Amino acid sequence: MHWFTADPHYSHDRIIGFCDRPFPDVAAMNAHLLAECRARVGPDDDLWILGDLTAGRSTDAQRREVRTIYHALPGRKHLIRGNHDEDWVCDLPWDSVAETADIVVDKRRLFLCHYPMITWPGARHQGLQLFGHVHQNWRGSRNSVNVGVDVWDFRPVTLPEIEARAARLPVNAHWDQVEPGRAWPTELCAGCGAILDPALVFGHAVVRNGRIVVAATNETIVTIGEAMRKWLPEGRRVCPECIGGYLSIGEVALPAGFTFDEMRNRAVPRQK
């Protein structure tokens with residue numbers, strides 16, 4: 001599994017005030033950040049830190065603390081160098097150190113950089129850019145997401161978590177200027193955040209008036225209960241996997257006279 005984070009600023013006492021972090025002192029901050037990381041990342045996982053492991057101009061005592069913390073971090077450790085990552089940080093025994101990285105996780109292309117970007121390799125083909133640097137000041141846009149600890153409850157996150165947040169973020173206001181003729185995104189599933197290709201009409205569904213219906217024909221697939229309506233927005237698309245696999249059975253009712261066809265992943269008239 002791959003985990004992503006940025007800007008922990010271990011042993012940087014002034015970051016608490018700069019970013020309004022809820023810690024009484026740097027020791028409490030270090031302990032909390034490390035504990036959150038160790039609670040999630042496994043020994044065989046990949047941990048990507050997108051810059052600023054600690055502060056620049058650190059003292060000898062701070063360097064000793066950070067080296068100890070580094071060796072306590074779990075998993076295979078990768079550093080995407082940030083503006084505060086001096087040579088001594090980069091010289092730690094990372095599994096990789098780079099200014100940027102272009103990787104694929106679960107068939108999704110990801111471009112990693114300490115800084116937010118408007119476009120990047122793979123951007124025109126639904127690739128996500130992950131960044132840090134801006135702390136709590138900006139969560140990002142639809143396809144460029146801040147993975148810094150200050151906007152993720154001081155913990156590393158997975159790609160599904162990032163994709164779910166991306167689905168709720170606005171499209172960058174300059175996207176059409178830098179990538180004209182390439183709209184982003186096409187559609188994202190309201191349930192899981194997966195990309196829905198508009199060229200593939202089969203399986204597309206939309207939430208309308210308390211029902212999930214076939215977008216083109218308005219044919220009812222399922223009706224949804226009150227609790228589900230609170231988190232499944234009106235007018236949003238839903239993928240077949242969410243309809244068939246993740247919606248709570250207690251929240252879904254088939255139309256009268258219909259049964260669910262597992263092969264077609266939709267409601268069909270009941271055979272008499």
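Trainee: Leaving aside neighbours within four places in sequence, which residues is H84 in contact with?
Mentor: In this predicted model, H84 is in contact with H9, D52, T54, A55 and G56, once neighbours within four places in sequence are set aside.

Trainee: Where does H84 lie?
Mentor: H84 belongs to the loop between β3 (76–80) and α4 (87–90). Its C-alpha atom is separated by 7.5 Å from that of G51, although the two residues are 33 apart along the chain.

Trainee: Is H84 buried, exposed or partly exposed?
Mentor: H84 has a relative accessible area of 27%, so it counts as partly exposed.

Trainee: Let us move to S11. Where is it found?
Mentor: S11 sits in the loop between β1 (2–5) and α1 (15–18). Its phi is positive, about 60°, although S11 is not a glycine.

Trainee: And is S11 buried or exposed?
Mentor: S11 is buried, because its relative accessible area is 3%. Not counting residues up to four places away in sequence, it touches V26, M29, N30, Q62, E65, V66 and I69.

Trainee: Which other residue than glycine has a positive phi?
Mentor: R57 is one of them, with a phi near 55°. R57 is in the loop between β2 (46–49) and α3. With a relative accessible area of 82%, R57 is exposed, whereas S11 is buried.

Trainee: Back to the helices, then. At what angle do α2 and α3 pack?
Mentor: Helix α2 (residues 26–40) and helix α3 (residues 60–72) pack at about 15°, and their axes are 10 Å apart. The two helices are therefore roughly parallel to each other, since angles under 35 degrees fall in that class. The crossing of α2 with α3 is right-handed.

Trainee: Which residues make that contact?
Mentor: From α2 they are N30, L34 and R38, and from α3 they are E65, I69 and A72. By class, the contact has three nonpolar, one polar and two charged residues. N30, E65 and I69 are also among the residues that S11 touches.

Trainee: Now the sheets. What is the strand order in the parallel one?
Mentor: That open sheet has four strands in the order β1-β2-β3-β4, with parallel pairing. Its edge strands, β1 and β4 (96–98), each pair on one side only. On average, neighbouring strands are turned by 15° against each other, direction ignored.

Trainee: How many bridges join β1 to β2?
Mentor: Four bridges join these two parallel strands. H2 stands opposite D46 in β2.

Trainee: Which strands form the mixed sheet?
Mentor: Five strands form this open sheet, in the order β5-β6-β7-β9-β8. The edges are β5 (100–105) and β8 (140–141), each of which pairs on one side only. β5 pairs with strand β6 (residues 108–113) in the antiparallel sense over six bridges, and the bridge partner of A101 in β6 is L112.

Trainee: Which helix packs on that sheet?
Mentor: Helix α5 (residues 159–166) does, touching β5, β6, β7 (128–131) and β9 (144–146). The direction of α5 makes about 105° with that of β7.

Trainee: A change of topic: how many residues of β12 are buried?
Mentor: Four of the five residues of strand β12 (residues 220–224) are buried, so this strand is largely enclosed by the rest of the structure.

Trainee: In what sense do β11 and β12 pair?
Mentor: Strand β11 (residues 211–214) pairs with β12 in the antiparallel sense over three bridges. I212 has V222 as its bridge partner in β12. The two strands form a hairpin with five residues between them, and N218 in the turn has a positive phi of about 70°.

Trainee: Finally, the chain as a whole: how many helices and strands does it have?
Mentor: The secondary structure comes to eight helices and 16 strands. Of the 272 residues in the chain, 49% are buried. Among contacts between residues at least 6 apart in sequence, 56% join residues at least 24 apart.

How values were computed:
Residues are numbered from 1 along each chain as its sequence is written. This is a predicted model: local features need pLDDT of at least 70, side-chain atom pairs count only at pLDDT 80 or more; totals for chains, interfaces and linings use all residues. Side-chain values use heavy atoms; hydrogens and water are left out. Buried means under 20% relative accessible area, exposed over 50%, partly exposed in between (1.4 Å probe, protein chains only). Contact means heavy atoms within 4.5 Å. Axes are lines fitted to C-alpha atoms, for helices over the stretch in contact, and angles run from 0 to 180 degrees between N-to-C directions. Angles under 35 degrees count as roughly parallel, over 145 as roughly antiparallel, 65 to 115 as roughly perpendicular and the rest as oblique. A crossing is left-handed if the near helix is turned anticlockwise from the far one by less than a right angle, and right-handed if clockwise. Ala, Val, Leu, Ile, Met, Phe, Trp, Tyr, Cys and Pro count as nonpolar, Asp, Glu, Lys and Arg as charged, and the others, Gly among them, as polar. Two strands pair if DSSP finds at least two bridges between them.
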